[in-house]
Amino acid sequence: MSKPLEGIKIIDFTHVQAGPACTQLLAWFGADVIKVERPGAGDVTRTQLRHVEDADALYFTMLNSNKRSLTLDTKKPEGKRVLEKLIQESDVLVENFGPGALDRMGFSWPRINELNPGMIVASVKGFSDGHHYEDLKVYENVAQCAGGAASTTGFWDGPPTVSAAALGDSNTGMHLAIGILTALHQRNKTGKGQKVAVSMQDSVLNLCRVKLRDQQRLDALGYLEEYPQYPHGQFTDVVPRGGNAGGGGQPGWVLKCKGWETDPNAYIYFTIQGHAWAPICKVLGREEWIDDPAYNTARARQDKIFDIFAVIETWLADKTKFEAVDILRKFDIPCSPVLSMKEISVDPSLRASGTVVEVQHPKLGSYLTVGSPIKFSDMQVDIRSSPLLGEHTDEVLRDLGYTEQQIEELHQEAAV
Ligand code: COA
């Protein structure tokens, strides 16, 4: 079956997580993604957090599947010539170097545009062009702090907290992928390439837009009724950390289930959605709350929401998180067990849907990775092993028209 992005050639000048997550997605969907890596070293994640000696680390393999690897020293004149040829024959160049690195290498946007006017150059940086922090190098947690996620995550009596979800890295990569596909669509109409830039700060903020909503409501009202601080606590003039609050029109909280004393994940997330109030009361055996004006609207419940959660926890005390969800789902109550990574790794539904995939790697053996979260009716996304360092160097050079002798010379000059 042919893949939608077949025929699109991508120079993957990315490293660590933000860029590789983007190009991996495009490779899954059929693009020919050529990962360009420094000879002898490669992407730093090949060796970071290894658990098998001499094999690429999972950090690398889980972000670089379905790609080819070309080693190329782009600071050497011969390496630069190879890159020029590659640019002339490709559709997209993706990079997430530190600020200015591509320019210093001699491949500024005007130069690339001159070599190939149809080329799309897609970049991830920590901050956007012209930002007063544009010179900063940035990693995941730095971006979470700069994008408003850390100040609004965690509990009110604790420090700003970063999320385990890669809001700064993979999330930025997903934004970049959307930008690249949009630019490719535009190129189909105009024949022209363009520069696509995504900053990690902006991508985090894009996911935190409801917190900017809350800042404006707080400025206007002085309180936020869906936060745990309302009505018994204090507000300042900045959006507070709301713990596990639902954050929208449906109050919710993480609640203890049977076994929580020894199992750190014996919890469910329970949401009190308005329409489900009557079923919730029935489940809890509190039918008298259904029509009681002190309970029967979201506003009436707000000042005693934690008392209500305490009653639900009493109901949960003799039920595992799975038993509880099996009861609650019958009443159409939005809820989920808090799943550990161990539980996710063996979940049969995630395996069946291709979301958790087992991949064979020549040196690492078998490992699990996260497959495409996007499902298509007319395409199956197959996940193949990440490439070994330089595995496709000669193959790519041959595709570019280099003879065997020229390839040998490039090896001898340590340019590839
Ligand atoms: N051949 C020769 N040189 C190469 C090369 C190759 N194939 N690939 C990279 N290099 C060089 C670059 O030209 C650059 O050299 P220079 O600084 O002398 O001009 C250098 O290697 C790499 O620079 P940099 O990207 O800044 O690496 P770093 O390890 O110092 O910083 C980051 C890492 C992630 C902090 C930085 O790349 C960054 O801020 N990126 C943008 C934001 C981002 O994506 N961050 C999150 C990643 S998950």
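The shell around the ligand is made up of nine nonpolar, six polar and seven charged residues, as seen in what is a predicted model. In total, 22 residues surround the ligand, and the protein covers 84% of the 940 Å² of accessible area that the ligand has on its own.

**Ligand surroundings**

- Among the residues that surround the ligand, the closest are Lys-75, Gly-98, Arg-104, Lys-137 and Val-138.
- The side chain of His-15 places an N or O atom 3.0 Å from an oxygen atom of the ligand.
- A polar backbone atom of Leu-72 lies 2.8 Å from a nitrogen atom of the ligand, and a backbone N or O atom of Asn-96 is found 2.9 Å from a nitrogen atom of the ligand.

**Leu-93 and its setting**

- Strand S4, which spans residues 92–95, contains Leu-93.
- Leu-93 counts as buried because its relative accessibility is 0%, where the cut-off for buried is under 20%.
- When residues up to four places away in sequence are not counted, Leu-93 touches Ile-11, Phe-13, Ile-87, Leu-102, Ile-112, Met-119, Ile-120, Val-121 and Ala-122.
- Between Leu-93 and Lys-321 the separation is 228 residues in sequence and 47 Å in space, taken from C-alpha to C-alpha.

How values were computed: Residues numbered from 1 in each chain as written. Predicted model: local features only at pLDDT ≥ 70, side-chain atom pairs only at ≥ 80, totals over all residues. Heavy atoms only, no water. Helix = DSSP H or I, 4+ residues; strand = E, 2+ residues; numbered from the N terminus. Buried < 20%, exposed > 50% of the residue type's maximum accessible area, 1.4 Å probe, protein only. Contact = heavy atoms within 4.5 Å. Near = heavy atom within 4 Å. Polar contact = N/O pair within 3.5 Å; in protein donor to acceptor, adjacent residues only side chain to side chain. Areas by Shrake-Rupley, 256 points an atom, 1.4 Å probe, with all protein chains shown as cover. Nonpolar A, V, L, I, M, F, W, Y, C, P; charged D, E, K, R; others polar.
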